[in-house]
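Hello,

Here is the structure for your files. My notes on its pockets and one of its sheets follow below.

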Amino acid sequence: MNRLARYNRPAMLRRIFLLFFAALCAATAQKYSGPRPSKPDLPYLKHADDLVPTEAAEAKEEKQKKGDVLYVISGATSSAKTPLASPIFLFQSDKLAADKLQLYKLESKNGHREILFGAKKQPQPIRLEVTRVEGDLYRLEAGESLERGEYSITPEGSNQVFCFQVF
């Protein structure tokens, strides 16, 4: 019996240490104290301690030949601008699910922004990393550096768009 107790002692000490370490981490976890969005369901560009609301709009559908659909947003450029190629957004979820948001690059043509969804060729969304900050507050980050241009965050299956420009 004494021999068994000696062999189990290191395993038991490891478990106690891991439980103590987990409890210590939980006790020292700090609440988020940075800026918070003033409106739910609207992504905000994070610029240090300032939040810039993205431009909320509705994309108009225009049927094209061969079953293609062109989504058009009025205005050549967005009013929400960032110099950052890797922008960070804060998003407070209420009715929209943060993990259902998609990021697309738009083309600026003839005084408006647009994106074409073809029957055979669909534009691929840019990977959007979603991290829960706390409760219903999320941090959104593009999975890659964005080149200069117009972009839209949109809920999957919706014409609602949240536009911004990288300059």
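The lining of the second largest pocket has 5 nonpolar, 2 polar and 5 charged residues (Ala, Val, Leu, Ile, Met, Phe, Trp, Tyr, Cys and Pro count as nonpolar, Asp, Glu, Lys and Arg as charged, the others, Gly among them, as polar). This is a predicted model, in which local features need pLDDT of at least 70 and side-chain atom pairs pLDDT 80 or more, while totals for chains, interfaces and linings use all residues. Residues are numbered from 1 along each chain as its sequence is written, and side-chain values use heavy atoms, without hydrogens and water.

A pocket here is an open set of points on a 1 Å grid over the protein atoms alone, where a 1.4 Å probe fits, with protein on both sides within 12 Å along at least five of seven lines; lining residues have an atom within 4 Å of a point. The volume of the second largest pocket is about 170 Å³ (the space filled by probe spheres set on the points, which are joined across faces, edges and corners). Its lining includes Leu70, Lys105, Glu107 and Gln122. Strand E8 gives the most, 4 residues (strands are DSSP runs of E, at least two residues, numbered from the N terminus).

The largest pocket has a volume of about 230 Å³. Of its 16 lining residues, Tyr71, Tyr104, Phe117, Thr154 and Ser158 are closest to the centre.

Separately, 5 strands form an open antiparallel sheet in the order E2-E1-E7-E11-E10 (two strands pair if DSSP finds at least two bridges between them). E2 (50-53) and E10 (128-134) are the edge strands. E10 pairs with E11 (residues 137-142) over 6 bridges, and Thr131 has Arg139 in E11 as its bridge partner.

Regards
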